[in-house]
Amino acid sequence: MKKNVFYLTALAAVSATMMTSCINDENENSVTNSGEVINLTASMATETTRAKQDATENQDEQFESGQSIFVEAYKTGTTTSYTNSTGNYTTGSSGAMEGSILYPYTDGVVSNVDVRAYYPTTNNSNNVTSSLTSFTVSTDQTDKAKYQANDLMYASATNLAKGSTHNLTFYHALTKIIVNLVADGTIDDASLTKVTAVKINSTKPTITIANGVTTDNTASGTAADIDITGSDKANYAGIIVPQTVAAGSDFITVTYNGQTLVYKIPTTPDTGKNFEKGTKYTYTLTLKASSISLKSLKIENWGTGEGDTKDMIL
């Protein structure tokens, strides 16, 4: 009889321990009933303070209002999601963000969180999250919305506590190409209206990513033309994935007055041209009646927080 009592007592103790463990597990995956929302703002990693000058500076320094950003939250120090731990935040003015992800609730205490965030929210019908392993740029970047859909950005922050608004600093993951056209004097500026197409050529469209960060030397896919023709007949911008384009390759084509004019990657050095991530390249091309030539190339950090000009080639 004593053995049976001991056995039942021990069994009750084990059951109680298991029940407590289950309750704790449930708490790990629940959220506060009081609605402890993770309050966030967004900014760009840049030291540039000049005013926006033209359409080529599209979201270089700040998100426009109404943009959707995908956010993932984890209890600090873990990578396991919990209920209501992911969702889209919408950008407002001056970096404001609106969303409804809640802090996790553990053993009666609201836990701190680590956060990852991604923009844009989709790429070729794939959700841009921490699990996405590649990103492909579109061949059609002919207006603002189409351009923005290719501007992969990422941000992360750790150990965020309730009761404060936390800023997420976003970094541009890819490479920006700007094309500025200037008339050479034998034709006038009004002739720029005869430009009907500007394209970036000879670039592979896809790159491997991990948590939004590109992996070096992983550009892949069949090289294709990227159409960056816009309404501004002097300034154009497009996004490519980081890669090296072979020496002698067609790189920028301009359709002017019915002619296709080509700027090629220089053959010296013969290793080609390396286009780095988080960098923008401004090609100023002189437009003549039947040719184009390089006037200058400006290479700048693009939202890396490391300052501006890296190189200038005249």
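Q: How many cavities of 30 Å³ or more are there?
A: The count comes to 2 cavities of that size. The model is a predicted one.

Q: What about the second largest cavity, how much space lies in it?
A: About 40 Å³.

Q: Which residues line the second largest cavity?
A: The lining consists of Val-137, Thr-139, Thr-203, Lys-204, Pro-205, Ala-224, Asp-225 and Ile-226. By type, 4 of the lining residues are nonpolar, 2 are polar and 2 are charged.

Q: And which strand gives the most to that lining?
A: Strand E18, residues 224-227, gives the most, with 3 residues.

Q: Ok, stepping back. How many helices and strands does the chain have?
A: There are 2 helices and 26 strands.

Q: How much of the chain is buried?
A: Of the 314 residues in the chain, 41% are buried.

Q: What share of the contacts with a separation of 6 or more is between residues 24 or more positions apart?
A: That share is 66%.

Q: Now the inside. How many residues are in the largest nonpolar core?
A: The largest nonpolar core has 45 residues. Those with the most contacts inside this core are Leu-174, Ile-177, Val-179, Phe-251, Ile-252, Phe-275 and Tyr-283.

Q: Which strands supply at least two residues of this core?
A: Strands E14 (175-183), E15 (195-203), E16 (206-210), E19 (235-240), E21 (250-256), E22 (259-264), E24 (279-287) and E25 (292-301) each do.

Q: Take Phe-275. What does Phe-275 touch, not counting residues up to four places away in sequence?
A: Phe-275 touches Thr-175, Ile-177, Ile-240, Pro-242, Gln-243, Val-245, Phe-251, Ile-265, Tyr-281 and Tyr-283.

Q: What is in the second core?
A: The second core is separate and has 24 residues, including Ile-69, Met-97, Tyr-103 and Val-110.

Q: Why would nonpolar side chains be found together like that?
A: In soluble globular proteins, nonpolar side chains tend to be buried together.

Q: Is Ser-249 buried or exposed?
A: Ser-249 has a relative accessible area of 16%, so this residue counts as buried; the cut-off for buried is under 20%.

Q: What is Ser-249 in contact with, leaving aside neighbours within four places in sequence?
A: Ser-249 is in contact with Ser-202, Tyr-263, Lys-264 and Ile-265.

Q: Let's do sheets. In what order do the 7 strands of the open sheet come?
A: The order is E2-E13-E12-E8-E3-E4-E5, and the pairing is mixed.

Q: Which strands stand at the edges?
A: Strand E2 (39-44) and strand E5 (97-98) do. Each has a single partner strand, so one side of each is left without a neighbour in the sheet.

Q: And E8, how many of its residues are buried?
A: In strand E8 (residues 113-119), 6 of the 7 residues are buried, so E8 is largely enclosed by the rest of the structure.

Q: How does E8 pair with strand E3?
A: E8 and E3 (residues 68-75) are antiparallel, with 6 bridges. In this pairing Lys-75 stands opposite Val-113.

Q: How many bridges join E8 to strand E12?
A: E8 and E12 (residues 153-160) run antiparallel and are joined by 6 bridges. Tyr-119 has Met-153 of E12 as its bridge partner.

Q: What about E3 and strand E4?
A: E3 and E4 (residues 86-91) pair in the antiparallel sense over 5 bridges, and Glu-72 stands opposite Thr-86 in E4.

Q: Back to Tyr-119. Is the peptide bond from Tyr-119 to Pro-120 cis or trans?
A: That bond is cis, with omega near -5°. Pro-120 is in the loop between E8 and strand E9 (122-123).

Q: And the peptide bond from Thr-268 to Pro-269, cis or trans?
A: The bond from Thr-268 to Pro-269 is cis, with omega near 0°. Pro-269 lies in the loop between E22 and strand E23 (273-275).

Q: Last topic: what is phi of Asn-84?
A: Phi of Asn-84 is near 60°, a positive value in a residue other than glycine. Asn-84 lies in the loop between E3 and E4 and is partly exposed, with a relative accessible area of 43%.

Q: And phi of Asn-159?
A: Phi of Asn-159 is near 55°, a positive value. Asn-159 is found in strand E12 and counts as partly exposed, at 46% relative accessibility.

Notes. Residues numbered from 1 in each chain as written. Predicted model: local features only at pLDDT ≥ 70, side-chain atom pairs only at ≥ 80, totals over all residues. Heavy atoms only, no water. Core = buried A, V, L, I, M, F, W, Y, C linked by side-chain atoms within 4.5 Å. Buried < 20%, exposed > 50% of the residue type's maximum accessible area, 1.4 Å probe, protein only. Helix = DSSP H or I, 4+ residues; strand = E, 2+ residues; numbered from the N terminus. Contact = heavy atoms within 4.5 Å. Pairing = 2+ DSSP bridges. 1 Å grid on protein atoms, 1.4 Å probe; cavity = no way out; pocket = protein on both sides within 12 Å on 5 of 7 lines; lining within 4 Å. Points joined across faces, edges and corners; volume = space filled by probe spheres on them. Nonpolar A, V, L, I, M, F, W, Y, C, P; charged D, E, K, R; others polar.
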